[in-house]
Amino acid sequence: MVVTAPAQSGPEDLEMMWRIRAFEEKASELFARGKISGLLHLAIGQEATAVGVCGALQPTDRVFSGHRPHGHAIAKGAETGRLFAELAGRRTGYCGGKGGSMHLAAPEVGFVTATGIVAGNLPLALGAALSSKCRGESDVAVAFFGDGAAQTGLFHECLNLASLWQLPVVLVCENNGFAEFSPLSAHTVVERLADHADTYGIPTETIDGNDLTVVRPAAAAAIDRARNGGGPSFLECLTHRLRGHYEGDPTLKRGAAARDEAKDPIQRFTRFLHDAARSAELEGIEVRVRAEVEQAAEEALAAPWPERDDLLTNVVAQP
Amino acid sequence: MTKTIRYIDAISSVLRQELERDDDVFILGEDVSYGGPFGATAGLSASFGPTRVIDTPISEGAVMGLAVGAALSGRRPIVEVMFADFVTLAMDQLVNHAAKIRYMTDGQLSVPMTIRVQGGVGGGFGAQHSQSLEAWFLHVPGLKVVAPSSVKDAAGLLVAAIRDDDPVVYLEHRGLYWTKGLGASDETPTPIGTAAVVRSGSDVTVVAVSRMVGVAVSAAEKLAEDDIDVEVLDLRSVAPIDWATIDESVRRTRRLVVVHEAVVTGGLGAELVAGVHATAFEALISPAVRVGAPSTPVPASPFLECLYAPDTDDVIAAVLETLHER
């Protein structure tokens, strides 16, 4: 039986967005305090795309993310404690501390992996989709990437292949208007990135990526299309990163100055639920989730470092 | 039971065998349904269909990554890179993804894929269709690299590569495609990471790889006429290197020559010599000598191409150099 992706969203989605927000704010704090190191790319302000898409997926569907992956992993079901531990380089992290923020992997919940190479995850998602298709399985693959990816060669190779082979893949472009430090206009004259996909004959939709009630049904339609043999879809989610490119980057202030409550997907979805007369169900969500995330962070930081021998393990299969 | 077949037939035959043996195995590459430029995949499309033998556009980066994604999903893709030089277009996916994902995920994921790479000089194909790039791959932790020189190992190493749970770069030299040799009728794996002694000798150890193994054997036969007894090792596996076999040989002969077709600078030979110095320096009675191409791109002119690639005389000169009284 082919499942239909849920097009509705509710308080559980608000909770998930708060979980991502709380996780990333805590990560930012820990980074500022020197408790975690590395390159930390936060997606604060972009939670609706992660939750909108991942909430419409099945557990066996496969998600491939990029260098800003925390929200996607959490929304697909990864545990915040093991994610914090990974960011902190601890043995209890998903990748034993060897992956770090940009290379998270929680394949047991269908968050296959992330990559620090912009657009590098697109062909991985296509490969998963090809595997599903050739085996006659119904699993869908999803790639999340930013607007910066659209200027790579790999992006165009992948759009062509996804279309040519009608692969069950959903390509989710989180267009936050900035590639690294630069505005999109400094990198391309193409204003609507979905136009690229249109060129390759892929169904596209450009949506308000900060409105969960818009993202969820658009994602559900794309996922259903893929699962039912309708091939790839391209979702251009217009969103707004409320932080800099990475924690500590020189443009951090711009993100803060541009902070706009009206664009905050959490505030917007909260208002939506209030308007839908579901206020009673929202009580205590933020407080509860923040407490849960605090606890997860505390436990992660108390976890042991990897063993010295771990440096040399899992380079290749152990004999 | 064995019969005489060509190197390229050994490759075809193993591909067919493995496609039959394991439904997860599939082939991906440019023009593979037509057999590719040299016929390695000829006839496979008719037998296994377009979901197992998949023609791709000229999109090397995406195709390599797509194979990685399929491998992460439990398949065993075999990617054909038509010319070694084209792998440069797919290096991000090979180096940053295929090779690193097992480590980056601490073993949660593996990338069981085979990358068939055709390369080497011959035919005057010029600088962008003739390179030997084994040293590039050797430098990447997480990749296994094999380079068969014989028909038997063309089969055995391909079986091993396809069944291996890590990405294996399988280097085919087009100058060997039409060479003949004994092939086993049941293709048994040649263990990755093992060198082979193809000619025993006591005076000098020559470690050669790929097409240079035959060149080294020719040199050894000529030197034998002058009572110089050369041992020739076929490295077979570029990564990991079979240090034990090399060490044992060098400790006996006390002299070392390494031969590859790739440029000498920063090459496999440097790694081999450094490795021997680290473990058997005291055994050497003369400096090790590297034989390879000069630091130039591969020239197209047949005249210059012949000068470029090491030949029997180059190996003989290197062996004699190790024998000179110092």
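**View 1. Helix H1 of chain A crosses helix H12 of chain A in a right-handed sense.** A crossing is called left-handed if the near helix is turned anticlockwise from the far one by less than a right angle, and right-handed if clockwise. This is a predicted model, in which local features need pLDDT of at least 70, side-chain atom pairs count only at pLDDT 80 or more, and totals for chains, interfaces and linings use all residues. Residues are numbered from 1 along each chain as its sequence is written, with chains lettered from A and ligands numbered from 1 in the order in which they are written. H1(A) spans residues 11-32 and H12(A) residues 285-302; their axes lie 9 Å apart at an angle of about 45°. Axes here are lines fitted to C-alpha atoms, for helices over the stretch in contact, with angles running from 0 to 180 degrees between N-to-C directions. The two helices are therefore oblique to each other (under 35 degrees counts as roughly parallel, over 145 as roughly antiparallel, 65 to 115 as roughly perpendicular and the rest as oblique).

**View 2. Here are the residues that join H1(A) to H12(A).** From H1(A), look for Pro11(A), Leu14(A), Glu15(A), Trp18(A), Arg19(A), Ala22(A), Phe23(A), Lys26(A) and Leu30(A). Their partners in H12(A) include Ile285(A), Val289(A) and Val293(A). Contact means that C-beta atoms, placed from the backbone, lie within 7 Å. By class, this contact holds 10 nonpolar, no polar and 6 charged residues (Ala, Val, Leu, Ile, Met, Phe, Trp, Tyr, Cys and Pro count as nonpolar, Asp, Glu, Lys and Arg as charged, and the others, Gly among them, as polar).

**View 3. H1(A) also meets helix H10 of chain A, residues 265-275.** Their axes come within 10 Å and cross at roughly 160°, which makes H1(A) roughly antiparallel to H10(A). This crossing is left-handed. Pro11(A), Leu14(A), Met17(A), Trp18(A) and Arg21(A) of H1(A) face Pro265(A), Ile266(A), Phe269(A), Thr270(A) and Leu273(A) of H10(A). The contact divides into 8 nonpolar, 1 polar and 1 charged residue.

**View 4. Chain A and chain B each bring 33 residues to their contact.** On chain A, strand S2 (111-114), helix H5 (121-135) and helix H6 (153-164) each supply at least two residues; helices (H or I, at least four residues) and strands (E, at least two) are DSSP runs, numbered from the N terminus. H5(A) gives the largest share, 9 residues. The side of chain A that touches chain B has 19 nonpolar, 11 polar and 3 charged residues. The predictor gives the complex an ipTM of 0.94 and a pTM of 0.95.

Note on methods
Contact = placed C-beta atoms within 7 Å.
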